[in-house]
Structures are given as structure tokens and as C-alpha cells.
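Subject: Handing over a structure

Dear colleague,

My notes on what was found in it come after.

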Amino acid sequence: LLGDITSINLNKTNRRLLLVALTIAHSNSVHTKATCHPKSHIVFLKTHKTASSTVLNILYRYGESRNLTFAFPLNKQSQLFYPFFFASHFVEGVSSQSVREFHIMCNHMRFRKSEVAKVMPEDTFYFSILRHPVAMMESIFIYYKSIQAFHKTHSLDNFLDNSSRNYNSSLTNNHYAHNILAFDFGFDNNVAAGAVDLEERASMAIAAIKRDFHLILISEYFDESMILLKHALCWSLEDVVSFKLNRRSEQTRHPLLPNTAEKIKRWNALDWRIYLYFNTTFWHKIDSLVGQEQMKKEVYHLRELQAKLANSCLKDGRAVDPSKIKDAGLKPFQYGAAVIEGYNLNPHIDRQTKIKCQRLITPELQYTERLYTQQFLELASNCF
């Protein structure tokens with residue numbers, strides 16, 4: 001383009017100004033690429049039933065391969081004392097000052113920025129992931145069937161039609177049944193669809209998320225989300241490759257009627273407004289950070305890489321029912337009425353490939369325990 005500037009029909013002065021502008025733009029572009037350094041101070045708000053376990057695995061693998069430190073929950077817990085609001089002393093190594101620097105915080109918590117900032121460095125990158133509230137509610141109903149709000153109801157429709165009778169916000173774990181996204185982000189989840197202050201509360205929640213988080217991903221567009229994350233963190237394609245973890249088998253999935261979907265949107269009115277806003281900004285982020293054509297290319301390469309890994313790492317190349325998993329250490333935790341699938345390793349791989357593949361398919365609880373043990377060897381021996 002710089003070489004063709006003389007062919008543009010401009011007077012001498014304007015041509016010189018345009019040449020200077022293009023030179024600066026080119027210089028800035030080169031400078032941006034040259035100064036793009038991989039980010040390693042990261043907070044991931046792990047939301048519920050949003051493919052967040054797969055994202056967690058990506059962060060665990062990235063951190064483990066680079067010997068980074070994790071802000072793990074005290075006493076080898078799997079969550080940061082959720083559903084209580086996060087407090088800095090919930091993190092192992094904070095009170096004892098045994099950890100000088102934390103790189104990654106990614107276990108379940110109820111978000112409170114002021115407390116998180118006491119643990120994580122100032123240049124930390126904050127991100128999270130949302131899922132369409134209709135699909136998320138269907139998943140939550142199956143997974144958390146034992147909570148008081150759900151356990152006496154025969155169907156999701158039955159719960160929604162009688163929510164005033166079934167839902168008591170003061171009972172333990174009932175928060176899962178109502179605006180769970182808003183709850184995880186630290187907002188009051190108990191707001192009715194017809195509340196006079198609904199729009200005001202939704203606007204305040206959206207404004208707070210925009211202020212506190214650099215990036216919000218969308219689980220329905222998981223591959224696109226990973227490419228967006230790759231660019232935001234200045235990571236490689238290999239860093240964001242994954243297999244789906246903590247995924248329910250098809251036998252426990254139930255299609256919803258259109259009328260049911262509308263009832264869910266009304267019941268979870270706050271979540272619905274949050275999702276709609278960030279689903280829109282997600283595509284704006286793609287346009288500004290990656291571009292549509294580049295996104296298509298990178299998604300293609302990501303899927304190609306994942307297919308190769310599945311063929312190399314997995315016996316039969318796919319997920320299986322938990323009853324068919326040979327290695328008990330690779331069997332995911334089963335909860336509620338859900339059937340959570342897992343993976344079998346391909347027995348015909350070399351040792352180095354096996355280590356890489358094993359990290360890709362290790363379930364959340366087992367991976368958390370292993371990394372905690374590596375990071376706090378002396379404490380871990382007292383916990384087990």
C-alpha cells in the first residue's frame with residue numbers, strides 16, 4: 001500500500017499527509033504485534049453449567065506447563081467457599097504468606113472484586129463465560145435435582161408453574177434455581193420479572209460486569225470464544241485446545257417446548273438481560289479484536305487440531321459413558337440426575353504423548369487435587 005501511494009489522485013500535500021498517516025498506522029501495527037506478551041495473571045469467574053470446567057482445564061494445563069501458582073481454596077477444597085461472597089483469606093497461602101505471587105484464580109466463587117484484588121496482581125486479566133439461560137436452566141434442573149426447590153417437582157415445567165410455592169430463597173442451595181449467573185457475579189438474584197426496578201438492577205449489574213471484567217465469553221460459541229481468549233491473552237492455538245469436560249450424556253438431555261423457554265426467560269429475567277447484552281458485545285469484540293474472516297480461519301484450525309488430538313489421545317476418539325471408563329482416576333464426579341461422560345486414553349501412545357493427553361481429559365476434582373498437592377506438598381500430606 002505504501003508503494004502504491006503515488007497512484008492515488010491527491011495533491012502533493014495531501015499525498016504526503018496520507019503517506020505519514022499510513023506509515024504511523026503500519027508502525028503501530030508492527031509495534032502492537034511485537035509487544036504482545038502472553039498474560040499469566042488471570043482471574044476466571046467459573047460460572048455454573050456454562051462449559052466452565054473445560055475452560056478451567058485449559059487454565060490448569062497452561063499454568064502447570066509453565067510452573068505458575070494457583071489461588072487454590074483453603075484445605076484442598078474444590079471451591080472458594082461458594083456460595084459465600086469471596087474473601088481473600090479463603091485462598092491457601094494468603095494468611096500464612098507462604099505464596100509470594102498468585103498467577104491464576106479459577107475455582108468457583110461468588111465474585112467480589114475488592115477481595116479478589118487483595119490476592120491478585122494489579123495487571124490481572126479478568127474474564128468469565130455465560131450460557132443461554134434457557135439451556136442453562138434445563139441443565140441445572142437435572143444436575144441440582146436434589147436441592148429443595150427442585151426435588152419434589154416432576155418436571156421443569158412443574159417447577160416454573162409453581163415457583164412461588166417451590167422456591168424459598170432462604171433455604172440452602174436454592175440460589176441455583178433462580179438467576180444463577182447474577183448470583184455468581186455477586187448480585188442479588190431474587191428479583192421478579194415484574195419488579196418495578198428490574199431494568200435498573202439489570203443495568204447496574206451489566207455496568208459492574210463491564211467495569212470489572214475484560215472479556216465475557218459465550219458458551220454457545222465455545223470455539224469462537226477460545227479464539228477470542230487466545231487473542232486477548234496473547235496465547236497460542238495449542239494453549240486453548242480442549243476436550244469437553246463435565247458434559248452430560250444425551251440420555252439425560254430433554255428438549256424444551258417453546259412455552260417452557262419463555263417461562264424460563266421470565267423466571268430468570270435478570271440473567272436473561274445480562275446474557276442478551278453480553279451476547280451482543282461478544283460479536284463486537286470479535287470484529288474489533290480478530291475480524292470475521294480471521295475468526296473463521298482460526299476456528300477451522302482449532303477444530304482441525306482438536307480432531308487430531310482426539311484421534312491420537314482417545315480410545316475410539318470420543319467421550320464414553322462413565323461406566324465404560326477404565327481408569328478410575330479419569331472418571332468424572334457424578335452428581336444429581338445427570339450422567340457425566342468421560343474419556344479413555346488410547347493405550348498405544350508414547351509416554352510423553354500420554355502425559356499431554358492425560359492432562360486434557362483429567363476431570364476437575366482430580367486435577368485440582370493434583371495441582372494443590374504439587375503446590376502445597378507439605379499441607380497436602382496433612383489433608384489426605
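Is E138 buried or exposed? In this model, which is a predicted one, E138 has a relative accessible area of 9% and is therefore buried. E138 forms a salt bridge with R248, and the closest N and O atoms of the two are 2.6 Å apart. Since R248 belongs to the loop between α9 (222–233) and α10 (258–267) whereas E138 lies in helix α4 (residues 133–143), the pair ties together parts that are 110 residues apart in sequence. R248 counts as buried as well, with a relative accessibility of 4%.

As for the chain as a whole, its secondary structure comes to 15 helices and four strands, and buried residues make up 49% of its 384 residues. Of the contacts with a separation of 6 or more, 72% are accounted for by residues 24 or more positions apart. The chain exposes about 19300 Å², of which carbon and sulfur atoms supply 52%.

The salt bridges come to a count of 19. One of them joins E364 to K46, with the closest N and O atoms 3.2 Å apart; because E364 lies in helix α14 (residues 364–375) and K46 in the loop between β1 (42–45) and α2 (52–65), this pair ties together parts that are 318 residues apart in sequence. E364, at 19% relative accessibility, counts as buried, where the cut-off is under 20%, and K46 is buried with a relative accessible area of 2%.

Another salt bridge, between K118 and E115, has its closest N and O atoms 2.6 Å apart, and here both residues lie in helix α3, three residues apart, which is about one turn of the helix. K118 counts as exposed at 58% relative accessibility, while E115 is buried with a relative accessible area of 12%. There is also a network of salt bridges that links E64, R359 and R370.

Finally, helix α8 (residues 198–212) has 15 residues and reaches 21 Å from its first C-alpha to its last, close to the 21 Å expected at 1.5 Å a residue. Its buried residues are L198, A202, A205, I206, A208, I209 and D212; they lie on the same side of α8 because they cover an arc of only 160° around the axis. What covers these buried residues includes α3 (113–119), β3 (125–130), β4 (215–218) and α11 (269–289), whereas the face of α8 turned away from the buried side carries the exposed residues E200, M204 and R211.

Technical notes. Residues numbered from 1 in each chain as written. Predicted model: local features only at pLDDT ≥ 70, side-chain atom pairs only at ≥ 80, totals over all residues. Heavy atoms only, no water. Helix = DSSP H or I, 4+ residues; strand = E, 2+ residues; numbered from the N terminus. Expected span 1.5 Å × (residues − 1). Buried < 20%, exposed > 50% of the residue type's maximum accessible area, 1.4 Å probe, protein only. Arc of directions from axis to C-beta. Contact = heavy atoms within 4.5 Å. Areas by Shrake-Rupley, 256 points an atom, 1.4 Å probe, with all protein chains shown as cover. Salt bridge = Lys/Arg side-chain N within 4 Å of Asp/Glu carboxyl O.
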